[in-house]
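Colleague: Hi! Could you walk me through this one while I have it on screen?

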Amino acid sequence: MGLPLRDAVRTSTLSKKWSHKLCKLPELTLDQTLCETRKDSINPTNIFRKIIHSILTLLEGPITKFSLSTPTLSRCPKIDESLFYFISRNGIQHLVLRLPFMGKPYKLPCSFFTCFQLRHLTLECCSILHPQSFKGFDRLISLELRDAIISSKSLESFISHCPLLQKLVLKTSNHDSIEVNAPLLKSFDFTGLIEIVLFWQNFHLQRCVILWG
């Protein structure tokens, strides 16, 4: 489009032409620039909320990739249920969530686990505890968890409920052991402290990298 997303959203409120272009974006990236102001005189939280509201109002699918990245921002509001409803409703297949670590990670809401159309997923600084009713992401082929908080049991369950998984990247908290049950897995990268990694029925595994640290 040739404009930063924040400016494009503002322009679209004045121009039907820009509004039409904005609502047809195939990929969408939101980061800390949404909250930047020249003199920092306006509350960045209010700015973020207004822009998110405009985006959710204007955008129409299909959107193939959605990225939310706020690695250095401490004043952006939490993601709410409407955002995950937006992700699910628009059939987004590639989702990247990089959220700030502020004492405790962002806890994923239950609505996240209804995004069944996902094929590529990256989660950073999130707390993951899927509900008992979660039956998995049966279309997911790549999963990256970085600095995510998840128990070994939940991680094993999450992986086993993604039957098409081919790529798995884990940079996570310490685990005594992990059982990886992903029959189609081709690539496995692990960074952290772990004693045992057990692979079950991983006949297609071509790459396996484990870095202790």
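Colleague: Let's start in the sheet: which residue stands opposite S69 in β3?

Modeller: That's R98. Strands here are DSSP runs (E, at least two residues), numbered from the N terminus, while helices are H or I runs of at least four residues. Two strands count as paired if DSSP finds at least two bridges between them.

Colleague: Before I go on, what should I know about the model?

Modeller: It's a predicted model, in which local features need pLDDT of at least 70 and side-chain atom pairs count only at pLDDT 80 or more, whereas totals for chains, interfaces and linings use all residues. Residues are numbered from 1 along each chain as its sequence is written, and side-chain values use heavy atoms, with hydrogens and water left out.

Colleague: Thanks. How many bridges link β2 and β3?

Modeller: Five, in the parallel sense, with β3 covering residues 94-98. β2 (residues 65-69) is also joined to β1 by five parallel bridges, and there L28 has F66 as its bridge partner. On to β5 (residues 120-124): five bridges join this strand to β3, again running parallel, and L95 is partnered with L121.

Colleague: Switching to the core: which residues touch the most other members?

Modeller: F66, F112 and L121, in the largest nonpolar core, which has 46 residues. Such a core is a set of buried Ala, Val, Leu, Ile, Met, Phe, Trp, Tyr and Cys residues joined through side-chain atoms within 4.5 Å. Helix α4 (residues 81-89) gives the largest share, four residues.

Colleague: And what does L121 touch?

Modeller: Leaving out residues up to four places away in sequence, its contacts (heavy atoms within 4.5 Å) include F112, F137, L140 and F158.

Colleague: Is C110 buried or exposed?

Modeller: Exposed, at 57% relative accessibility, while C162 is buried at 0%. Buried means under 20% relative accessible area, exposed over 50% and partly exposed in between (1.4 Å probe, protein chains only).

Colleague: Where does C125 lie?

Modeller: In the loop between β5 and β6 (126-127). C125 is buried at 9%, and its phi is positive, near 60 degrees. Most residues other than glycine have a negative phi.
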